[in-house]
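Dear colleague,

I am handing over the structure below, and after it I set out what was found. Please read the notes with the sequence and the 3D view open beside them.

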Amino acid sequence: MSHGHSHGGGCSCGAEHTESPERGIEYGLYQKIDMDKLQCLNENQEGSGRTVFRAWEERCDRSLFVESDADEELLFNITFTGNVKLKGIILIGDDSDMHPAEMRLFKNIPQMSFDDTGREADQVFSLNTDLTGELEYPTKIARFSNVTHLSIHISKNFGAEKTKIYYIGLKGEWTEAHRHEVTICNYELSANPSDHKAKQITPETHFIS
């Protein structure tokens, strides 16, 4: 069963109608991902899941991809460096039945595992074959307006044993996280000499009448 048209191993990402500087800026949230904390569960090669989050201009680099291992599922756990309002997602898959067919999003569940994917997702997308990044899947912005952790569960593909993804683009707004830390006051470290003068108390004489 064929899903999409063949590109002869190439990618027509240079097509005029898909290129715009604004779109590259919009899909810049990859710069706000804490890559040291990013996890991809069931990846065939360790660390390969991180490579699909990159610049818009590099989305058609076919040398960078993630392929699933034991079955067709993949689970990405993404930690942002601040608060994110997620507005849209683009996913470029393989020109075969290895292309993802369903994407489920979960917000603010750190260290999510496949055991957690049984719960109701915050949003589910049925995916179409996309080889150039033309299709954008808009999120429910009200639901994804304060995201610090995002989990992307690729639950199925178009029938292959493994899943292959080349690029995932995240569109949205980033704001710096407000840290509620205790302010340490240092004024006591340099005591004012005048504060200690009062200790030199002059004895008082009490008269008993």
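Strand β4 (100-107) is largely enclosed by the rest of the structure, because seven of its eight residues are buried, where buried means under 20% relative accessible area with a 1.4 Å probe and protein chains only; strands here are DSSP runs of E with at least two residues, numbered from the N terminus. Please note that this is a predicted model, in which local features need pLDDT of at least 70 and side-chain atom pairs count only at pLDDT 80 or more, while totals for chains, interfaces and linings use all residues. Residues are numbered from 1 along each chain as its sequence is written, and side-chain values use heavy atoms, with hydrogens and water left out.

β4 is joined to β7 by seven bridges, the two running antiparallel, and F106 has S151 in β7 as its bridge partner. β4 also runs antiparallel to β5 (residues 123-126), with four bridges between them, and there E102 is partnered by S126. Two strands are taken to pair if DSSP finds at least two bridges between them.

The largest nonpolar core has 28 residues, of which F76, I78, M103, L150, I152, I168 and L170 touch the most other members; such a core is a set of buried Ala, Val, Leu, Ile, Met, Phe, Trp, Tyr and Cys residues joined through side-chain atoms within 4.5 Å. At least two of its residues come from each of β3 (74-93), β4, β7 (147-157) and β8 (164-175), and β3 gives the most, with eight. A second, separate core of six residues includes I90, I92, Y166 and Y167.

With kind regards

Terms used. Buried means under 20% relative accessible area, exposed over 50%, partly exposed in between (1.4 Å probe, protein chains only).
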